[in-house]
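These are my notebook entries on one structure. I record what I looked up and the rule behind each term.

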Amino acid sequence: MSLLFRWSAHLPLAVLHMVGAVLGWLAYLASPTYRRRFRENVAQAGIAPRQARRAIAEAGKLVTELPWLWLRPRTDKLPKITWQGVELLEAALSQGKGLVFMTPHVGSFEVVPQAHAARFSAQYGDMTILYKPSKFAWLDALLKDARSAPGLEAAPTTTGGVRMLLKSLKQGRVVGMLPDQVPGEGQGVWAPFFGRPAYTMTLALRLARQTGAPMLVALGDRLPWGRGYVIHVHPLQLPLDQGDEVAAAALNAAMEDLIRQRPGMYLWSYARYKQPRPESRP
């Protein structure tokens, strides 16, 4: 599996996206469980099925573009990256308090740290990315390799990883994490997400509260035929002084607004409402 993953990294991005679109539909049609969760999450959000249909192919593209984004030869540069709202990012970094960069499961969230590293790491230092170690040894090795590429630093979801995030913010650097990923037990609070309780991370809230670092959201839209990506940066104002429950509810509400704007780009198959797994709390 690891060899196949690494071999795929040498294929053109346009080819990987075409293959991904096909695989996305095959997975949807072949798996009743996948199909049921996709439909249930779309219905829970009040989104018309036709508006979310594009997300079936986009989920496949997300998978097949990973080898190229993570493991392509270092001599291969990213395709054209266009930034919208980059002035928000520059203004936040100029404060010198670091930045909590949130990339939800919308579009190509894996391209955001790569794009940030390519444009800003020389001036503002490496971006530290929080990642959850995989139970598969081969995939965990790939994750560490991918998230430790030039301009990036990997921080696992452990006590040591949290210290890395805090250190980065105190040095005025950027930390990145998925705001809509279900954290381990004891690492979040229950907050409404499209009208249903979802276990929501509190680490980002506490880091921002402790350091005074501003928070922003970034989304990566894929351009047709592998021509590149558009990174959209959005402001994120949360009531951090009102406690984790209130702030987490506001975070989920902000994610809902962004997902409604791009229902065809959200990862509807993600088990957002699952029970958290028992883990030691960082």
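**Entry 1: a pair of rings**

I began with Phe193 and Phe194, and found that both are buried, where buried means under 20% relative accessible area, exposed over 50%, and partly exposed in between, with a 1.4 Å probe and protein chains only. The model is a predicted one, in which local features need pLDDT of at least 70 and side-chain atom pairs count only at pLDDT 80 or more, while totals for chains, interfaces and linings use all residues. Residues are numbered from 1 along each chain as its sequence is written, and side-chain values use heavy atoms, with hydrogens and water left out.

I then looked up ring pairs. Rings of Phe, Tyr and Trp (its six-membered ring) pair if their centres lie within 6.5 Å; planes under 30 degrees apart count as stacked, over 60 as edge-to-face and the rest as tilted. By this rule I noted 10 aromatic pairs. Phe193 and Phe194 make an edge-to-face pair, with 4.8 Å from centre to centre and 65 degrees between the planes. Phe193 also pairs with Tyr273, and this pair is tilted, at 6.2 Å centre to centre and 50 degrees between the planes. The Phe193 and Tyr273 pair links distant parts of the chain, since Phe193 is in strand S6 (residues 188-193) and Tyr273 is in the segment after H11, 80 residues apart. Helices (H or I, at least four residues) and strands (E, at least two) are DSSP runs, numbered from the N terminus.

**Entry 2: the surroundings of Phe193**

Which residues does Phe193 contact, leaving aside its neighbours within four places in sequence? I listed Ala198, Asn252, Met255, Glu256, Ile259, Tyr266, Arg272 and Tyr273, where contact means heavy atoms within 4.5 Å. Phe193 counts as buried because its relative accessibility is 2%. From C-alpha to C-alpha, Phe193 and Tyr273 are 8.7 Å apart in space. I also noted that ring pairs link Phe193, Phe194, Tyr266, Trp268 and Tyr273 into a cluster.

Most residues other than glycine have a negative phi.

- Phe194 has a phi of about 55 degrees and lies in the loop between S6 and strand S7 (196-201). Phe194 is buried, with a relative accessible area of 6%.
- Trp225 has a phi near 60 degrees and lies in the loop between strand S8 (215-222) and strand S9 (228-235). Trp225 counts as exposed because its relative accessibility is 63%.

**Entry 3: the nonpolar cores**

A nonpolar core is a set of buried Ala, Val, Leu, Ile, Met, Phe, Trp, Tyr and Cys residues joined through side-chain atoms within 4.5 Å. The largest one has 54 residues, and those with the most contacts inside it are Val100, Met102, Met177, Met215 and Trp268. Helix H11 (residues 244-261) gives the most to this core, with 6 residues. A second, separate core of 34 residues includes Phe5, Leu13, Leu66 and Phe101. In soluble globular proteins, nonpolar side chains tend to be buried together.

I then looked up Trp268. Apart from its neighbours within four places in sequence, Trp268 is in contact with Arg37, Phe38, Asn41, Val42, Ala45, Ile47, Ala52, Ala55, Ile259 and Pro263.

Is Tyr28 buried or exposed? Tyr28 counts as buried because its relative accessibility is 9%. Tyr28 is found in helix H2 (residues 13-30). Not counting residues up to four places away in sequence, Tyr28 touches Tyr34, Arg35, Phe38, Arg39 and Ile56. Between Tyr28 and Ala59 I noted 31 residues in sequence and 9.8 Å in space, C-alpha to C-alpha.

Pro183 has its place in the loop between strand S5 (174-177) and S6. Pro183 is also buried, with a relative accessible area of 11%. Leaving aside neighbours within four places in sequence, Pro183 is in contact with Gly188, Tyr199, Thr200, Met201 and Pro276.
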